[in-house]
Amino acid sequence: MTNNQDSNSTQKPSIWVDADACPNPIRDVLIRASKRTSIRITFVANRALSGIPNIPTITQLQVSQGFDVADNLIVERVADGDLVITQDIPLADEVIDKGAIAFGPRGQTYDKESIKQRLNMRDFMETMRSSGIQSGGPAALNAQDVQTFANKLDRWITKNFK
């Protein structure tokens with residue numbers, strides 16, 4: 001495995017992607033952003049990902065199969081100020097505790113103020129599902145969601161890479 005982080009404290013933040021569940025349109029937005037701005041992005045998954053270009057600013061880390069293996073690697077390597085892209089609320093909570101920022105693929109921001117409420121709602125919904133109540137899942141990702149994510153990412157890049 002390769003790690004893009006180094007010990008230079010003035011290093012610009014990186015983006016870490018929980019890539020197993022990252023929708024392809026969001027992955028494509030991230031790749032275009034890296035090509036345009038040279039921001040470092042690391043895609044972490046427990047399977048090989050297709051369509052990831054071989055360019056110096058993009059790394060793909062394949063971890064072994066297992067519960068939370070990719071999440072644990074991201075938590076271990078994320079640095080203060082980095083951005084993590086994930087749909088996984090517990091992962092978002094852990095990286096926020098380490099000083100990172102977390103976005104969902106629909107452009108939602110997970111922060112210290114909202115993450116506990118999201119964890120509680122996630123746990124409540126999990127309890128409901130385990131008791132047999134079907135609530136359906138989230139709506140399919142649409143073009144507006146992708147645009148919202150792209151706009152949020154652009155604002156983060158502008159703020160961190162002036």
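Mentor: Two strands pair if DSSP finds at least two bridges between them. Strands (E, at least two residues) and helices (H or I, at least four) are DSSP runs, numbered from the N terminus. This is a predicted model: local features need pLDDT of at least 70, side-chain atom pairs count only at pLDDT 80 or more, and totals for chains, interfaces and linings use all residues. Residues are numbered from 1 along each chain as its sequence is written, and side-chain values use heavy atoms, leaving out hydrogens and water.

Trainee: What is the order of the six strands in the open sheet?

Mentor: The order is β3-β2-β1-β4-β5-β6, with mixed pairing. β3 (58-62) and β6 (109-110) stand at the edges, each with a single partner strand, so one side of each lacks a neighbour in the sheet.

Trainee: How many bridges join β4 to β5?

Mentor: Three; the two strands run parallel. Ile 85 has Phe 103 in β5 as its bridge partner.

Trainee: How many salt bridges does the structure hold?

Mentor: A salt bridge is a side-chain nitrogen of Lys or Arg within 4 Å of a carboxyl oxygen of Asp or Glu. The structure holds three. One of them joins Asp 154 to Arg 36, with the closest N and O atoms 2.9 Å apart. Asp 154 lies in helix α5 (residues 143-160) and Arg 36 in helix α1, so the pair ties together parts 118 residues apart in sequence.

Trainee: Is Arg 36 buried or exposed?

Mentor: Buried means under 20% relative accessible area, exposed over 50%, partly exposed in between (1.4 Å probe, protein chains only). Arg 36 is exposed, at 54%. Asp 154 is partly exposed, at 33%.
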